[in-house]
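These are my notebook entries on one structure, written down in the order in which I looked things up.

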Amino acid sequence: MSIQTTSIDTALEEYVASLRAAGLDAPWTRPGPLIAPKASAVQARVWRWRDLEPLVRRTPEFMKPGRGAERRIVRLDNPGVPERTSTHTISVAVQYLLPGEVAPAHRHSPNAVRFMLHGEGAYTTVEGDKFVMRRGDLVITPSLTWHDHGNEGSGPVLWTDGLDSPLVRYLENLTFQPFPGETQPVRTGPPAHHWHFPWADAHAALLRRAETEYDPYDDVLMEYLDPTTGRSVVPSFGCYLQLLRPGVRTRAHRETSSAVYHVVQGAGFTEIDGARYEWGEGDFFAIPPRAAHAHGNEGGAPVILYALQDVPLMRALGLYRMEPA
Ligand SMILES: [Fe+2]
Ligand SMILES: [Fe+2]
């Protein structure tokens, strides 16, 4: 009997070697199920503004924006994720420009969004349309659109960038081109596209929604949508504002999507897979796919969060699921 098993094993080994030699693979020749579950590499974590900000403000000691490095950014690093981006599909960074500085014009295949944090005088020019960025403004630079940034103010400016670059890299289509010249020509007249979402409008819409529309899992959630198409502002991830009313504790849910949050206003906590993550104004936090999560605001004032979530991507693939946890 044992002789027979050995002869089968030997025959199988020879068969596997033949498959390999022919550039083929038969997964049933290895132990385990055909489709094995895989844990997410994305870790739940918080990046504190009090740690981040002083390190961002030191960056001019070491680099100046220009051709090559292009942007003076500090990226949120999720150590478990390939290439150490914020989640496996979303890269979030904080960008810093001193008065008079320009981040030169370029374009690339990843979609990008900017959410203004601090300082006056920042602008982003996208395909010839110059958008002044005030605190809380969102500016979209879609895939392969020329864009440059600058600071025309008297103090430093900071904003947060969100890109789908990890996804685009995985899809093996990461491309980049410098513009011939530091800045692109600026057009006059109304912008050709709806790529600028001023804070005043978005905030007012969020407060209107907070009067009537509550979600048990997110409390008050509003996605930025392209008004001409009704779609997400970029195809791969949605940009959201979320308001947690005083005293609200949301129900826990799991989603197949991942999220990176930034705290615009207030303080609270998010429970992720049973662990409590406290956060305050300026902090960022990441939620891995399929992790149970619930948000809480124990204070007396509303909390406002800005979030990037790869929900549109998962929907497009037929993979978006949400379930109570
Ligand atoms: Fe860029
Ligand atoms: Fe969620």
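I began with R209, which counts as partly exposed at 29% relative accessibility; here buried means under 20% relative accessible area, exposed means over 50%, and partly exposed is in between, with a 1.4 Å probe and protein chains only. I was working on a predicted model, in which local features need pLDDT of at least 70 and side-chain atom pairs count only at pLDDT 80 or more, while totals for chains, interfaces and linings use all residues. Side-chain values use heavy atoms, with hydrogens and water left out, residues are numbered from 1 along each chain as its sequence is written, and chains are lettered from A and ligands numbered from 1 in the order in which they are written.

The side chain of R209 meets that of E213 in a salt bridge, at 3.9 Å from N to O, and I noted the rule that a salt bridge is a side-chain nitrogen of Lys or Arg within 4 Å of a carboxyl oxygen of Asp or Glu. E213 is partly exposed, with a relative accessible area of 44%.

**Entry: other salt bridges**

How many salt bridges does the structure hold? I found the total to be 19.

I then looked up R57 and E53, whose side chains meet in a salt bridge at 2.8 Å from N to O. The two residues are four apart in helix α2 (residues 49–57), so about one helical turn separates them; helices (H or I, at least four residues) and strands (E, at least two) are DSSP runs, numbered from the N terminus. R57 is partly exposed with a relative accessible area of 35%, and E53 also counts as partly exposed, at 21%.

A further salt bridge is formed by R276 and E278, with the closest N and O atoms 2.7 Å apart. R276 has a relative accessible area of 38% and is partly exposed, and E278 counts as partly exposed at 40%. Elsewhere, K64, R72 and E101 are joined into one network by salt bridges that share partners.

**Entry: the iron ion (ligand 1)**

Which residues coordinate the iron ion (ligand 1)? I wrote down H106, H108 and H147, each through NE2, at 2.1 to 2.2 Å; donors are N, O and S atoms within 2.8 Å of the metal (3.2 Å for Na, K and Ca), and I kept in mind that water is not among the atoms, so sites may look incomplete. Along the sequence these donor residues are spaced H-x1-H-x38-H.

**Entry: strand β4 and its partners**

H106 lies in strand β4, and six of the seven residues of β4 are buried, so the strand is largely enclosed by the rest of the structure. I checked its pairing next: β4 and β9 run antiparallel and are joined by three bridges, where strands pair if DSSP finds at least two bridges between them. Within this pairing, H147 in β9 is the bridge partner of H106.

β4 also pairs with strand β11 (residues 176–178), in the antiparallel sense and over three bridges, and there H108 stands opposite F176.

Leaving aside neighbours within four places in sequence, H106 is in contact (heavy atoms within 4.5 Å) with residues including R67, E70, H147, F176 and F179.

H253 counts as buried at 1% relative accessibility, and E255 counts as buried at 7%.
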